[in-house]
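Here's a quick briefing to read alongside the model. Have the viewer open and follow the topics one by one.

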Amino acid sequence: MTEQNKAGRPAGGAGRQLPLVLEHRPAFDRGEYLVSSCNEGATAWIDSWPAWPEATWGLNVHGPEASGKSHLAEVWARKADAVLLLPSDLDVAGLPVLLGEKRHVVLEDVDESLPGVPAFHLYNMIVERRGALLVLSRTPVSRMNLTPADAKSRFAALPAVAISDPDDALIAGVMDKLFRDRQLFVAEEVLAFLVGRMERSFSEARALVEAIDALSLAEGRRITLPLARRVLEDRGAG
């Protein structure tokens with residue numbers, strides 16, 4: 001079995017080595033969030049809080065996987081001192097403990113499996129406390145078949161704003177950030193090469209960065225055009 005060293009670098013014999021799986025802590029500062037035409041609407045809502053329209057009890061930000069919804073939610077949660085919850089956290093009896101004295105909540109990864117009864121109680125608690133609920137989902141909650149009807153009507157009434165597919169400039173910026181989150185600094189020509197040939201999606205950008213980092217680490221090589229080309233070819237692009 002290949003032995004891993006303490007310095008967090010590949011260990012083992014000759015040839016391709018097995019890299020350590022390192023923990024990467026992404027930067028969630030507002031200044032790290034890249035704004036383009038695909039996300040400027042959602043960004044404007046987050047930046048404008050707490051000056052949302054009167055009697056607006058929350059917002060639904062929806063968009064594809066890895067499109068930056070969680071980053072925006074983290075920015076808002078810091079501003080609002082909000083609690084971050086998943087649908088699986090929701091339980092009617094446990095809501096007072098989950099919220100404590102707080103009145104703002106981020107509810108991530110919402111889909112039609114959302115437990116409607118505790119979600120309905122959560123909504124009502126936020127209204128009673130005059131707080132706000134930020135709901136993240138891949139599709140608009142207004143189009144989801146939520147039950148019971150009371151929960152569906154509350155969530156469907158939230159203003160909704162979409163994050164759409166990215167343009168080239170944003171994909172390049174997102175990939176640059178993902179590399180920097182891993183303490184990797186990649187030349188602009190490599191980024192341009194990748195963006196010009198890859199699938200235009202946030203999820204592919206994340207997968208590509210992970211694959212390039214893994215190959216670079218396994219072979220102890222810098223991230224160059226030939227290395228990037230190999231990863232693209234392995235993924236059926238390039």
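Let's start with a helix pair: helix α7 (residues 188-195) packs against helix α9 (residues 225-234) at an angle of about 20°, and their axes are 10 Å apart. With angles under 35 degrees counting as roughly parallel, α7 and α9 are therefore roughly parallel to each other. Keep in mind that this is a predicted model. The chain as a whole has nine helices and five strands, and of its 238 residues, 45% count as buried.

**More on α7 and its surroundings**

- The crossing of α7 and α9 is right-handed.
- On the α7 side, the residues that meet α9 are Glu189, Val190, Phe193 and Leu194; on the α9 side, they are Leu225, Ala228, Arg229 and Leu232.
- Which residues of α7 are buried? They are Val190, Leu191, Phe193, Leu194 and Val195.
- The cover over those buried α7 residues includes α6 (168-181), α8 (202-219) and α9.

**The α6/α8 pair**

- Two of the helices covering α7, namely α6 and α8, also pack against each other, at an angle of about 40° and with their axes 10 Å apart.
- Angles under 35 degrees count as roughly parallel and 65 to 115 as roughly perpendicular, and α6 and α8 are therefore oblique to each other.
- This crossing of α6 and α8 is right-handed.
- From α6, the contact involves Leu170, Ile171, Val174, Met175, Leu178 and Phe179; from α8, Phe202, Ala205, Arg206, Leu208, Val209 and Ile212.

**The sheet**

- If you walk across the open sheet, its five strands come in the order β2-β3-β4-β1-β5, with parallel pairing.
- At the edges sit β2 (83-85) and β5 (160-162), each of which pairs on one side only.
- From one strand to the next, the twist averages 20°.
- As background, strands of a sheet pair through backbone hydrogen bonds, either parallel or antiparallel.
- Strand β1 (residues 58-62) is parallel to β5, and three bridges join them; Asn60 has Ala160 in β5 as its bridge partner.
- Along the sequence, the pattern reads α-β-α-β-α-β-α-β-α-β-α-α-α-α.

- How many residues of strand β4 (residues 132-137) are buried? Six of its six are, and the strand is mostly covered.
- In a regular strand the side chains alternate between the two faces of the sheet.
- For β4, Ala132, Leu134 and Leu136 point one way, while Leu133, Val135 and Ser137 point the other way; all of them are buried.
- β4 pairs with β1 in the parallel sense, over five bridges, and there Gly58 stands opposite Leu133.
- Strand β3 (residues 104-110) also pairs with β4 in the parallel sense, again over five bridges; in this case Val106 stands opposite Leu134.

- Is Lys69 buried or exposed? Its relative accessible area is 11%, under the 20% cut-off, so Lys69 is buried.
- Lys69 belongs to helix α2 (residues 69-80).
- Setting aside neighbours within four places in sequence, Lys69 is in contact with Val61, His62, Gly63, Pro64, Leu136, Ser137 and Ile163.
- Two of those contacts, Leu136 and Ser137, are among the buried residues of β4.
- Lys69 and Asn39 are 30 residues apart along the chain, and their C-alpha atoms are separated by 9.3 Å.
- Ser36 lies in the segment before α1 (40-48).
- Why does Ser36 count as buried? Its relative accessibility is 13%, and buried means under 20%.
- Not counting residues up to four places away in sequence, Ser36 touches Asp167 and Leu170.
- Leu170 is one of the α6 residues that meet α8.
- The C-alpha atoms of Ser36 and Asp167 are separated by 7.8 Å, although the two residues are 131 residues apart along the chain.

**Contacts across the whole chain**

- Among contacts in the chain with a separation of 6 or more, 70% come from residues 24 or more positions apart.

Technical notes: Residues are numbered from 1 along each chain as its sequence is written. This is a predicted model: local features need pLDDT of at least 70, side-chain atom pairs count only at pLDDT 80 or more; totals for chains, interfaces and linings use all residues. Side-chain values use heavy atoms; hydrogens and water are left out. Buried means under 20% relative accessible area, exposed over 50%, partly exposed in between (1.4 Å probe, protein chains only). Helices (H or I, at least four residues) and strands (E, at least two) are DSSP runs, numbered from the N terminus. Two strands pair if DSSP finds at least two bridges between them. Axes are lines fitted to C-alpha atoms, for helices over the stretch in contact, and angles run from 0 to 180 degrees between N-to-C directions. Angles under 35 degrees count as roughly parallel, over 145 as roughly antiparallel, 65 to 115 as roughly perpendicular and the rest as oblique. A crossing is left-handed if the near helix is turned anticlockwise from the far one by less than a right angle, and right-handed if clockwise. Contact means heavy atoms within 4.5 Å.
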